Amino acid sequence: ENEYINLKNLFHFMLNVFAKHSKLFLIVVLLFIVYFSFIQKPIYSSQVSFYTNYSESKTLSSISFINSFTEAPSDDLGFSISDYVVSDKILKSLVDKEYDIDNTKKTLVEYWGKNYRKIFSINPITTIKRINMMSRLGKDLSIEERKILFAKESLRDSIRYSEDRKSSLHTISVLASNPQLSKDITNQIFQSILSYSNEVTNVKAKEKKDFIQGRLFEINQDLENSENDRRLFLEKNQNIGSSPSLILQKERLERNIALYSELYLSLSDQLEIAKIDEKDNTSSIFLLDSPYTSPYKSSKGFFESICIVLISLFMICVLFEVFKNRNQLFI
């Protein structure tokens, strides 16, 4: 009625809620201790970090050095790492690869795919995701295809990716219940990124080389034609100095020859660079931290988790009591 909150009464109300539901809190704590100690599997995280802004200057000739001022330097790898690490290309290669799991060589299809029928989980979000995935599956999928799909989805959910756009620092981490498996997968992801980066560079260089070779042939033909035109012109016109028209024609022919010669030399330089890039196995990716397993578990600690659970449960109980006694509380 006086439009203010009595803190003393609020405190007593909270205390009464806690006392009234103390048995529920105790049961939840006991269940959580059992789950945390005996049921929950520890989750380990391995990560790798690297830069993608490493670049190497290429030496050009004195004729083609002018192009270096007009071409802006680029650190672009030619593909998006965030898209690549969750693409079907890398996921398929990772789940088919054998890993040393519990002293046995297994693929992720064998290790994770065996749970392709498992739907329910302690985590309700995981359960909902699995039910949604199962409901969308085609009926004509074989058991092996279902195992592969489940393994790829499990791997995709375990990958974490982040990027610092200012420094071009990329960090990739993998979560798994087996620390060595987590590290091995992280290492395979990094090696796959290196391989794909080189593949993109080499393919682009080959396409560029083929294009330059075609243009170089055309320029060489134009150069030879211009030189033949000048030769024929000089053979037919012995006394050029007395005719301004002949002098102008000669200058045009010499200007065409100079232009084609410069283009030929410039394209020759670019062709050599493209040939080097086609066979170049170096990468603009520079490793910062090699794949390593974190000494800390990825999941939250016991005290942090129990505090979150108890606070959440307490707030639910308070809201329930407020709603239940709303007629007495709001008079």
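Residues are described here as buried when their relative accessible area is under 20%, as exposed when it is over 50%, and as partly exposed in between (1.4 Å probe, protein chains only). The structure is a predicted model, in which local features need pLDDT of at least 70 and side-chain atom pairs count only at pLDDT 80 or more, while totals for chains, interfaces and linings use all residues. Residues are numbered from 1 along each chain as its sequence is written, and side-chain values use heavy atoms, with hydrogens and water left out.

Salt bridges, defined by a side-chain nitrogen of Lys or Arg within 4 Å of a carboxyl oxygen of Asp or Glu, number nine in the whole structure. One of them joins Arg156 to Glu153, with the closest N and O atoms 3.0 Å apart. Both residues lie in helix α8, three residues apart, about one turn of the helix; helices (H or I, at least four residues) and strands (E, at least two) are DSSP runs numbered from the N terminus. Glu153 is partly exposed at a relative accessible area of 25%, and Arg156 is likewise partly exposed, at 27%. Another salt bridge links Lys209 and Glu278 (3.2 Å, N to O). Lys209 belongs to helix α9 and Glu278 to helix α10 (residues 244-279), so this pair ties together parts that are 69 residues apart in sequence. Lys209 is buried, with a relative accessible area of 15%, and Glu278 is buried at 16%.

With contact taken as heavy atoms within 4.5 Å, Ile185 touches Tyr99, Leu108, Trp112, Leu155 and Val174, not counting residues up to four places away in sequence.

A search of the whole structure finds one cavity of 30 Å³ or more. A cavity is a set of points on a 1 Å grid over the protein atoms alone where a 1.4 Å probe fits but cannot get out, and lining residues have an atom within 4 Å of a point. The largest cavity holds about 50 Å³ of space, the volume being that filled by probe spheres set on the points. Tyr116, Met133, Met134, Leu137, Arg146, Leu149 and Phe150 line this cavity, and α8 supplies the largest share of the lining, three residues.

How values were computed. 1 Å grid on protein atoms, 1.4 Å probe; cavity = no way out; pocket = protein on both sides within 12 Å on 5 of 7 lines; lining within 4 Å.
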